[in-house]
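Colleague: Could you take one part of this model and walk me through it slowly? I would like a close look at the aromatic rings, please.

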Amino acid sequence: MVKLTIDGQNVEVEEGTTVLAAARALEIDIPTLCYSDFLEPYSGCRLCTVKVGRGDDAKLTTSCNLVATDGMDVVTGDSDVLRARKLILELLLAKAPSVERLQELGAEYGADPKRFGEPDEEALENRCILCGLCTRICQERVKAFAIAVNERGQRSYVSAPYDALSPDCIACGSCSSICPTGSAKVYDRYDRKVIHPELSLASNSAVRFVTKQMVPNVPTVYEDDCIHFRQSASGNAVDACRICEEACGKEAVNLDSADEEVQLDVGTIIVATGMQVFDPSVIPALGYRRLPNVITGMEFEFMARADGVTGGHIELEDGRTPEAIAIVHCVGSRDERFHTYCSRVCCMYSLKFAHLVKEHTDAEVYNFYIDMRAFGKGYEEFYKRLLSEGVHFIRGKAAEVTQVGDGLMVIAEDTLLGTNREVPVDMVILSTALEARTDAEEIRHVVGIGCGSQGFFQEMHPKLAPVATTTDGVFIAGACQGPKDIPDSVAQGAAAAAEALSLIGQGQVAIEPITAVIDEDLCSGCKYCIQNCPYTAISFDVEKKVSVVNSVLCKGCGTCVAGCPSGASRQRHYSDTQIYAELGGMLNL
Amino acid sequence: MRITSVKELDELKKTGRESLHPGKIRISVGSSTCGIANGALDVAERLIEGAEREGMDVVVEDSGCFGLCQMEPLVDVWVPGRPRVVYGNITEDRVDELLAAVKEGRVIEDWALFRMDGEHHILTDERVAYDVSQGNGEYKDVPPMEDVGFFKGQLRIATRNCGYIKPVSLQEYVARGGLYTLHKVLTTMKPEQVIETVLASGLRGRGGGGFPTGRKWKIAHEAPGTVKHIVCNASEGDPGAYMDRSVLEGDPYSVLEGMIIGAYAIGNVADAYIYVGSDYPRVRRFLLESVATLRSYGVLGSDILGTGLGFDIHVVQGAGAFVCGEETALIFYIEGKRGTPRPRPPYPAVSGLWGKPTIINNVETWANVPAILSRGADWFSSIGSAGSKGTKVFSLVGNIKNTGLIEVPMGTPLWDLVFRMGGGITRWREFKGVQTGGPSGGCLPAKLLNIPVDFDRLSEAGSMMGSGSMIVMDEHTCMVDMAKYFLSFTKEESCGKCTPCREGLPHMLEILERISRGEGEEGDLELLEDLGTFVKENSLCGLGQTAPNPLLTTLHYYREDYESHIKYKKCPGSVCKRMVSAPCHHTCPVGMDAPNYIAHIALGKFDKALEVIYQATPFPGILSRICPHPCEFRCTTGNVADPISIRALKRFVLEKHGRDYSPPKGAGNLERVAVVGAGPAGLSCAWDLARLGYKVTVFEAADTAGGMLYSGIPAYRLPRELIAREVEQVRRMGVDIKTGVKIGKDVPFDDLRRDYKALFIATGAHVGIPLNLPGEDAEGVQDAIDFLREVNVDGRKTVGKRVGIIGGTNTALDAARTARRLGAERVTVFYNRTHFEIPADELEVQAGLDEGIDVVYLCAPAKIIAEKGHLKGLELRRVEMRGVDPTGWREPVVLEGTEFTVELDNLFTAVNQKPDLGFLPDGFNVTAKGALEADPGTMMTDTPGVFAGGDVVAGPYFATDAMGHGKLAAKYMDRYLRGGDMTPEYTLTKPTAHVEPYEMTAEEVETIVDRAETPLQPVAERIKNFESVELVLREGDAINEAKRCLRCDWRWEHEAEEEESR
């Protein structure tokens, strides 16, 4: 520990602590512009200047890089220090007079922003104060080395090498996020701003809460967005960034924790892998990803969320509030080209959107629907309420969305009036279908259950065993079984849990007495039986080159027996001889 | 061959000696960059060809630089059996003649700079005498090296081998004692002992900071770590500094040997680096070659000298950024990063290259190391001053006679560097200051010339040692411009990392630029000081912390330069283009637009030239004879050659094409105005007032108008009829000149006040100031000014045979030369300082010497010997110059017991004069020196309506200045009488007219080179009469002389146009 005095207060800090940190621990304000907790001290802006020592030996020095030593006597705000800070601010204000942070500090320290003359146009537009935070985070943390300070002296400016588009830039946005003046911005090669905090439907941060309602309510590091993982995956740099680890006071973040395989012995499995949302970009006529302000219901959800990027405001891409919004139902569902089934939830969430729009804006809302399916408790009443709120309902599927000027035009057939309608709107929300996950097939094979024609998992019986599957001990719950809303999913989940508990409660499982068995001598190894078995009970013994039946999984259905070309598969207690004998007895032959 | 023992070193030494002294003629050509720039490579080639053609058995080698860069190419000729002779300025065309002389065994004395009869090896303290058995008498006129002013007082430790050996020859390096020290250190000393020795020697870093080298080594030695590095900082970015280059080009091994010793002392050194800027390609090549050679001899690489020590040296090529000389920036650069400094601590000795303990020392520091370990700490610390031990290499550049490199013991007075080794300033100009330490250092004025040059004293003076560049500046230097230059350099070289340096320097420069454009405002200097100290105190690295030094020191020592720009719109050095137009015009007290009439002369339009001349003054003829021509001292042509003979051109055009001239007069009899005194000031004022239309009366006590022009200046300098003619011109303007009327006696002063609306007092300074020596009242002792008046006015015709004059002014010389013309046989001028300081015009002194007058310097009168009231002689004492007094003059100290006596018939004292103000009523303010006080901006005294000018205000000064006073007074008297504003106003000097420049033909450019010197009457003739000594230029010469003018006023116009178009 090191003992020092700051502004007359004695303080004890750990060895290696900087004077700046020590002062901040005492809640003494030392202004900084180029300092960041996550970067090496730069001592560039010199604003954190303090005076060390007393009398003739006193010296002005920057505190951000100054390591505290025993007996150090620091003054953070005498006239010399204030004079230096004032001049620094005056110089910086002459360079970038429009920067608000400088204006604030300037006012605080009594700096005359025009001491070095009236600012010219160039200065008024300039926001860069050359604090070097952007270049340093790019180099020290992101390790992309995409930007640096070019030229020198007063002509210094930040840019990519040779002012060219940098192949090293990974558009992570660190520079723009650390920039204290809003000078650093990231654009793509077509001069479009890439990082636009004003309007973005997804969070820019790799560490985020997907929703505020998620349980447990902790943020997650998204590897696809995370600089650390992106840089190491691309082979550019190891150990990039790691700022989240350092920033977390509880050491809760560990980027080195890797995927691992865990083997668990379980008796039951509940599959609740959910569904995915239909990607409407495969319907070009609706304009998704092609036209501005055509968004999916999910994206609208993000926008309307109070903790979302727009703070719950319904905004167009250019920041305007929309004056008319179309909600297009049945995008991808009830459609011969995509999914013939009804996705069940779209009508109701579309109604909710309409309600939200009405609540937040004065926009007109047009619902384009085939027919309204308000099936649940209280749903019909909600529909009625919306009708009274002045939401327009147009019965007819939207055929096309086109761009007209700044706005959009929805073209649909109004089947009630028997005419075509062209409705001008600012924003189109596509109520997309729910569909089976693309990886459902993979999971099906792992747990050994079946799928229906739409890709959703097949229950044992639609009425009598809605959560059981043909495989004992494997249950399904929620939207992986078929489109359903939250109450239904919750109910199914509870049911699956009850089923599983009942098995666990028994302590043991009864297996079928009648199972198939394969005569090794007769088996030719053709594997027909393996394909035929609905319970994945048959496997192939590679060494013996014969099929083997797992008698625990086998339900004795006899499919394999019937299908075996060489008659090697037989049913225990149901040999052909026995069947013939039974038949004979029954017919008194 | 690998060197592992002293035996092998001895062998190498033997071959080295044989190579140095090959038993036949060896000719070395100084081939450092300075030599090459002057054509050394061609000279060497020509020498080889020539020797072959002549069938001479000669070895021609290249060598480093002796330091006399001014004289390059230097050729060092070493004939067996004869002294070694170094010739200077051996250009290609001189080679054949030189070879012929060498072949015949002759010496060309005119070209020979010095000879060496032996040499001294610093490392071993061995004196090797050359075989000079056959060196005959022909060498006696070639001075030995030690007696040449440039080398006197030098002690060459770091540059010990430069010039003596072929730079990359290891044999020759060993022949002068190299590598023995390394062997001794590695085999007999412990690293701690080495560090102790360096500590005890008191060696401080020569890169500028002056940190004790031993202490740095100790920190690195004690720092934990199994990998350490050492670095040689050979970045040399200072304008005017090139000592590191010279050492590396002349003797790279001394640096490398120092580095190996350092690596051994610090321990665990894995790699060493030498950072060389890409501007030194030759250094880089030499280093690569030398490092490879050392490797091949087993002195680098693994198992150095068979001791097991192993490391290598890498040569890193820098891009040349000035900031890379800063050690932390240098480290980043070597690491492959942007070369910007970082805050210290941690110091590199703790955490440097790649975070490892690293020692960074400058080239010169490393070069000193072998010498210290060879000769011991005591020897080294016995050289130098209290806080700074050893020697320092300085590069002397700027407005100085001998530019070059010198190595002197620390603590040598600055004066010695500038005037002894540097040879002082050219004859046309005075010393103004010396910038030490390059753009990081400060500018020291004349009054600090006596400070001993070492780390501490320079810092105390506000400057710094820096790399050791000494930029000497003459009076044609503007301190604002100088600060501007260095600031624009540091501004350009600022890395841009920290705010104060990046933003502060450009703003400082901007303010300076405004000042130099004549747009300076009150408060600018305070703002500059504020910013300067701020940048100095708050910048991150040495660059910013020292960049304001040139500004701050000049603001401190030359504040009047800045104030003059801001307040008076005058640039004392006549440099700042926007306010100067042409320096000759700017400096002229009467505001003569000289480039204008010179241009007309060059074009042959003499009438136009006359018009320009008469615009400024009614006394052009007088000025053309006696003006001290400040214009010529500032002449732009004088920067590159001898200045234009402006005064002689004026005289030419007046005498060959002159006519009487009366400019148009202003409207009517405005008021009655009186002028007291018909000297240059009074008559000038009267003429100007008459032109404006005033009715002017001039009262003159003497019987002839002219004042001091008439009474003080001998006829051989200023013909009487010329005075009469130009006074007549004043009369023709309607001025009433009443001679023989003494105010206060013939006319009471109050009458003047009553009868005239305004007065101009210009009664001059005619009263000599006595010396206060015993016996001064003896007969024969007289003030020189009285003597001159008696001769000039009263027609005195006699003087004694032996005449002495005390003083060094022009008046002293006038008296001496007048006495000589009156028949004195032995005329002696006694002056208490040296020819450096004598105030009289150098040409006057020379003319006096030509006429047989003795000038005895360094003596002070002790007493006047008189017998019965008659002068018999003068007792004097010898004087020695010591140090510099607070006004910048070297101080004469009288030596007791050195009395000597001269017998004299007449003694004239010419020390100073003062005005006689007896006629004035009470109420006028008088200065301590007895002069009348007047506002220098308006020439008005404290009494409204009474103006004064000329010597009565300024003390004895030049007639031209007096005329300037008169003109100025006339302007403000007019304003006073019209009831105008009396606040003085100052304007920039701008060309008065646009004259096309004469374009010289290519042939003229080649042939018109030298200044046309005024022809003089032969000495034998002129000492018999009072006819003009100086004659008129011939027409052709005059026109050619006018063509030499560089027309710097043209640039002003050009720039003005450019500015407008912008």
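Modeller: Happy to; what follows goes from ring pairs to a ring cluster and then to charges over rings. Please keep in mind that this is a predicted model, where local features need pLDDT of at least 70 and side-chain atom pairs count only at pLDDT 80 or more, while totals for chains, interfaces and linings use all residues. Residues are numbered from 1 along each chain as its sequence is written, chains are lettered from A and ligands numbered from 1 in the order in which they are written, and side-chain values use heavy atoms, with hydrogens and water left out.

Rings of Phe, Tyr and Trp (its six-membered ring) pair if their centres lie within 6.5 Å; planes under 30 degrees apart are stacked, over 60 edge-to-face, and the rest tilted. Over all chains, that rule gives 31 aromatic pairs. Take Tyr349(A) and Phe353(A): their ring centres are 5.2 Å apart and their planes meet at 50°, so this pair is tilted. Both residues belong to helix H10 (residues 346–360) of chain A, and because they are four residues apart, about one helical turn separates them. Helices here are DSSP runs of H or I with at least four residues, numbered from the N terminus. An α-helix has 3.6 residues a turn, so residues three or four places apart point the same way. Tyr349(A) and Phe353(A) are also both buried (under 20% relative accessible area with a 1.4 Å probe and protein chains only; exposed is over 50%, partly exposed in between).

Chain B holds another tilted pair, Tyr716(B) with Phe1026(B), at 6.2 Å centre to centre and 45° between the planes. Tyr716(B) sits in the loop between helix H31 (708–711) and helix H32 (720–732) of chain B, and Phe1026(B) in the loop between helix H40 (1019–1022) and helix H41 (1035–1043) of chain B, so the pair ties together parts that are 310 residues apart in sequence. Tyr716(B) has a relative accessible area of 1% and is therefore buried, whereas Phe1026(B), at 27%, counts as partly exposed.

Rings can also join up in a cluster: ring pairs link Phe66(B), Phe114(B), Phe150(B), Phe151(B) and Tyr164(B).

Finally, look for charges over rings (NZ of Lys or CZ of Arg within 6 Å of the ring centre and within 35 degrees of the ring normal). In chain A, Lys527(A) lies over the face of Phe540(A), 4.5 Å from the ring centre. In chain B, Lys392(B) has its charged end over the ring of Phe394(B), 5.8 Å from the centre.

Methods. Helix = DSSP H or I, 4+ residues; strand = E, 2+ residues; numbered from the N terminus.
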